[in-house]
Amino acid sequence: MDIGIIQQKAEEMRILNLAVMKDGELLLKKDWDEEIRRNQYSASKSFTGIAVGIAQKEGLLELNEKLCDIFREEMPENPSENLCSATVKDLLTMCLGQDSGYLMGVQRPLMKEMDWVRYTLSRPFTQKPGTSFLYNNAGPYLAGILVQRRSGCDLVNYLMPRLFEPMGIRRPVWETDPYGYTFGAGGLFLCVTELLKFGQLLLQEGNWEGKQIVPSAYIREASKKYIDNEKDGYGYLFWRGPYNSYRADGKYGQFSIVLPDKNAVIAINAESRDADAMMECCMDIIVPQL
């Protein structure tokens with residue numbers, strides 16, 4: 001595979017690690033820096049989304065459950081009609097109906113609030129859930145809290161026997177909230193090879209070495225376009241993208257890109273200040289060669 005232009009621009013685009021798998025075989029692996037575990041930022045959301053799918057399979061939750069029933073104790077007094085109508089599915093599609101993004105990276109370090117569940121539910125719900133895309137960490141955070149409460153353990157412990165161990169991924173570090181709950185919207189640390197494995201699992205619709213560890217029907221649903229977002233659309237904590245792709249997508253260029261039409265996966269770790277342009281450059285060079 002000729003990646004000459006990527007090679008020339010790697011330092012400029014601040015790519016650190018790049019891996020490509022096609023037909024289950026490693027086609028390309030290039031490291032411009034050591035392959036270490038790095039913060040995957042919002043690519044972590046996609047792992048939370050998969051945790052929701054596994055929990056649904058196990059009968060721990062349903063996507064049509066309403067937040068007012070799930071988080072009854074943390075509900076504000078006289079909750080709005082919009083909040084009362086919000087469901088688990090709205091947590092996954094960035095269509096929660098709030099007026100702004102909450103629990104974002106720049107906000108969390110200086111927050112005085114300790115109870116982030118109560119805090120996020122107290123913020124204004126200005127639109128009908130399910131109708132408008134607004135990027136917001138509140139949704140995946142609450143989705144992760146739901147899985148943790150229903151399972152009785154944090155997301156790392158929940159996913160170890162169900163996702164990480166089957167794929168040969170040792171216990172990762174994952175950011176927590178002030179009460180010790182895993183922060184399902186960000187802060188999972190993985191290396192690019194582990195990110196590539198995750199993409200391959202998605203490409204195989206949840207099957208890993210003959211074992212169905214995530215329901216295939218859930219992955220098909222999660223990877224669909226559910227809402228317009230002024231780009232290619234959004235699924236259940238997955239971004240839709242060019243070449244009929246979908247991806248886990250983290251700040252500064254952490255990507256696990258699934259290309260079903262090519263039976264291929266591209267994984268990238270980067271420190272890019274223009275991650276979208278970097279991703280598009282890599283895809284425009286790599287995908288035509290697949």
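Trainee: What makes strand β10 (residues 264-270) count as largely enclosed by the rest of the structure?

Mentor: Seven of its seven residues are buried, so β10 is largely enclosed. Buried means under 20% relative accessible area, exposed means over 50%, and partly exposed lies in between (1.4 Å probe, protein chains only). Before we go on, this is a predicted model, in which local features need pLDDT of at least 70 and side-chain atom pairs count only at pLDDT 80 or more, while totals for chains, interfaces and linings use all residues. Residues are numbered from 1 along each chain as its sequence is written, and side-chain values use heavy atoms, with hydrogens and water left out.

Trainee: Which residues of β10 lie on each side?

Mentor: Ala264, Ile266, Ile268 and Ala270 are on one side, and Val265, Ala267 and Asn269 are on the other; all are buried, so both faces are covered. In a regular strand the side chains alternate between the two faces of the sheet.

Trainee: How do you know that β10 is paired, and with which strands?

Mentor: Two strands pair if DSSP finds at least two bridges between them. The strands themselves are DSSP runs of E with at least two residues, and helices are runs of H or I with at least four, numbered from the N terminus. Seven bridges join β1 to β10 in the antiparallel sense, and Asn17 stands opposite Asn269. Strand β9 (residues 254-259) is also antiparallel to β10, with five bridges, and Ile257 faces Ile266 there. β9 and β10 form a hairpin with four residues between them, and Asn263 in the turn has a positive phi of about 50 degrees.

Trainee: Which other strand pairs with β1 (residues 15-22)?

Mentor: β2 (residues 25-31) does, antiparallel and over six bridges. Met21 has Leu26 as its bridge partner in β2. The hairpin of β1 and β2 has two residues between the strands, and Asp23 in the turn has a positive phi of about 55 degrees.

Trainee: Why is helix α8 (residues 155-164) described as largely enclosed?

Mentor: Seven of its 10 residues are buried, so the description holds. They are Leu155, Val156, Tyr158, Leu159, Met160, Leu163 and Phe164. Their cover includes α2 (44-57), α7 (138-151) and α9. At the start of α8, a side-chain oxygen of Asp154 comes within 3.2 Å of the backbone nitrogen of Val156.

Trainee: Is Lys45 buried or exposed, and how do you know?

Mentor: Lys45 has 1% relative accessibility, which is below the limit, so it counts as buried. Lys45 sits in helix α2. Setting aside residues up to four places away in sequence, it touches Met94, Tyr135, Asn137, Pro140, Gly184, Ala185, Tyr234 and Leu237, where contact means heavy atoms within 4.5 Å.

Trainee: Why is Asp249 called buried, and what does its side chain contact?

Mentor: Its relative accessible area is 12%, so Asp249 is on the buried side of the limit. Asp249 is found in strand β8 (residues 245-250). Its side chain makes a polar contact with that of Arg247 at 2.8 Å. A polar contact is a pair of N or O atoms within 3.5 Å; within protein, one must be able to donate a hydrogen and the other to accept it, and residues adjacent in sequence count only if both atoms are side-chain atoms.

Trainee: How do Glu205 and Glu209 get their labels, partly exposed or exposed?

Mentor: Glu205 is at 30% relative accessibility, between the two limits, so it is partly exposed. Glu205 lies in the loop between α9 (192-203) and β5 (207-208), and Glu209 in the loop between β5 and β6 (211-212). Each has a positive phi of about 50 degrees without being a glycine.

Trainee: What makes a space a pocket, and which residues are closest to the centre of the largest pocket?

Mentor: On a 1 Å grid over the protein atoms alone, a pocket is an open set of points where a 1.4 Å probe fits, with protein on both sides within 12 Å along at least five of seven lines; lining residues have an atom within 4 Å of a point. The largest pocket holds about 530 Å³, a volume filled by probe spheres set on points joined across faces, edges and corners. Of its 28 lining residues, Tyr41, Ser42, Tyr135, Gly250 and Lys251 are closest to the centre. The largest share of the lining, three residues, comes from β8.
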